Amino acid sequence: MDARRLDIMHHALLLLLDNRLHLAPIGPNPTRILDIGTGTGIWAIDAGDRYPGAEVIGTDLSPIQPGWVPPNVYFQIDDAESEWTFAKDSFDLIHIRHLSGSIKDWGALIEQVYKHLKPGGYIDICELEMHLSSDDGTAHPGLDLSKYCELLNKAAAVLGQDFETITNLKPLIERAGFVNVRHEKMRLPLGTWPVDPKQKIIGAYVLITIESGFEACGLRLLTCVLDMDQASFAVLTERAKKNAYDRNIHGYSWQ
């Protein structure tokens, strides 16, 4: 896992969300926060700094988090899809980000979240749709970048960990018992093509992440699941990167 890539994406999302860590209106004094799939722990660390009175716990299968963290932040190795060992009704906020493509049963995961939130607590989910869009038709299915996304979706679906479920999580969230569910979509530009200065900076950050991101996300899925040979994979990713760097292609994904 490329820690630098994950941290850069965190900064891109902070810009996108106007320096907010979440959209859930949890109030200024939460006491317990859980970050599922914490990765490098950067979101949990920022949450610990912003909410010094809260205990912030980050869980992940990979122990890649730093040792020097705020005194109220803790990390645990844990599988989010296994039975949780936390006390029920104990968290004010449970945060999930970029787990699409790795979760087999989103409904079961959300039910666990519901059981472990305090009454009145919030779930905050931030996921990226694995599709390339544009308003002017410059991002079209014929691009190698679009083909890469299509194959990634196909391989993840074969494993039962598709990216498509996250496009319609609202019914699963409501079925678990949540009320006042809000789905907000934001454009995440790829590249420096936007005219808007903030969007241009966000797009530049996202562009940096693809240097290792295409290989990290796609190598196992495309070569092991779809049996693409390594040479073809290398050609596809290089061409996809050229598409991403092309300022005449005005592509974005929905976050």
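Buried means under 20% relative accessible area, exposed means over 50%, and partly exposed lies in between (1.4 Å probe, protein chains only). The views below are of a predicted model, in which local features need pLDDT of at least 70, side-chain atom pairs count only at pLDDT 80 or more, and totals for chains, interfaces and linings use all residues. Residues are numbered from 1 along each chain as its sequence is written, and side-chain values use heavy atoms, with hydrogens and water left out.

**View 1. Aromatic rings around Trp-84 and Phe-86.** Trp-84 counts as buried at 6% relative accessibility, and Phe-86 is buried with a relative accessible area of 10%. Rings of Phe, Tyr and Trp (its six-membered ring) pair if their centres lie within 6.5 Å; planes under 30 degrees apart are stacked, over 60 edge-to-face, and the rest tilted. The structure holds five aromatic pairs. In one of them, the ring centres of Trp-84 and Phe-86 are 6.4 Å apart and the planes stand at 90 degrees, so the pair is edge-to-face. Trp-84, Phe-86 and Phe-91 form one aromatic cluster.

**View 2. The pair of Tyr-114 and Phe-178.** The ring centres of Tyr-114 and Phe-178 are 5.0 Å apart, with planes at 80 degrees, so this pair is edge-to-face. Distant parts of the chain are linked here: Tyr-114 is in helix H3 (residues 106-116) and Phe-178 is in the loop between helix H5 (170-176) and strand E6 (187-189), 64 residues apart. Helices (H or I, at least four residues) and strands (E, at least two) are DSSP runs, numbered from the N terminus. Tyr-114 is partly exposed, with a relative accessible area of 38%, whereas Phe-178 counts as buried at 11%.

**View 3. The largest nonpolar core.** A nonpolar core is a set of buried Ala, Val, Leu, Ile, Met, Phe, Trp, Tyr and Cys residues joined through side-chain atoms within 4.5 Å. The largest one has 36 residues, and those with the most contacts inside it are Leu-145, Tyr-148, Leu-152, Leu-188, Leu-190, Val-206 and Leu-222. At least two residues of this core come from each of helix H1 (3-16), helix H4 (144-158), helix H6 (197-225) and helix H7 (230-245). H6 supplies the largest share, eight residues. Another core, of 24 residues, lies apart from it and includes Phe-86, Trp-106, Ala-176 and Phe-178.

**View 4. Contacts of Tyr-148.** Contact means heavy atoms within 4.5 Å. With neighbours within four places in sequence left aside, Tyr-148 is in contact with Gly-213, Phe-214, Cys-217, Gly-218, Leu-222, Phe-233, Leu-236, Thr-237 and Ala-240.

**View 5. The second largest pocket.** On a 1 Å grid over the protein atoms alone, a pocket is an open set of points with protein on both sides within 12 Å along at least five of seven lines, a cavity is a set of points where a 1.4 Å probe fits but cannot get out, and lining residues have an atom within 4 Å of a point. Grid points are joined across faces, edges and corners, and a volume is the space filled by probe spheres set on the points. The second largest pocket holds about 990 Å³ of space. It is lined by 38 residues, of which Ile-123, Asp-124, Ile-125, Val-181 and Arg-182 are the closest to its centre. Strand E5 (117-126), H1 and H5 each supply at least two lining residues, and E5 gives the most, with ten. By class, this lining has 22 nonpolar, seven polar and nine charged residues. Ala, Val, Leu, Ile, Met, Phe, Trp, Tyr, Cys and Pro count as nonpolar, Asp, Glu, Lys and Arg as charged, and the others, Gly among them, as polar.

**View 6. The largest cavity.** The structure holds one cavity of 30 Å³ or more; the largest cavity contains about 40 Å³ of space. His-10, Leu-13, Leu-14, Leu-17, Arg-20, Leu-21, Trp-43, His-95, Arg-97 and Cys-126 line it. H1 contributes the largest share of this lining, three residues.

**View 7. Lys-118 and Asp-89.** Lys-118 lies in strand E5 and counts as partly exposed at 25% relative accessibility. Residues up to four places away in sequence not counted, Lys-118 touches Thr-31, Asp-89, Ser-90, Phe-91 and Asp-92. Asp-89 has a positive phi of about 55 degrees although it is not a glycine, and Asp-89 is partly exposed, with a relative accessible area of 46%.
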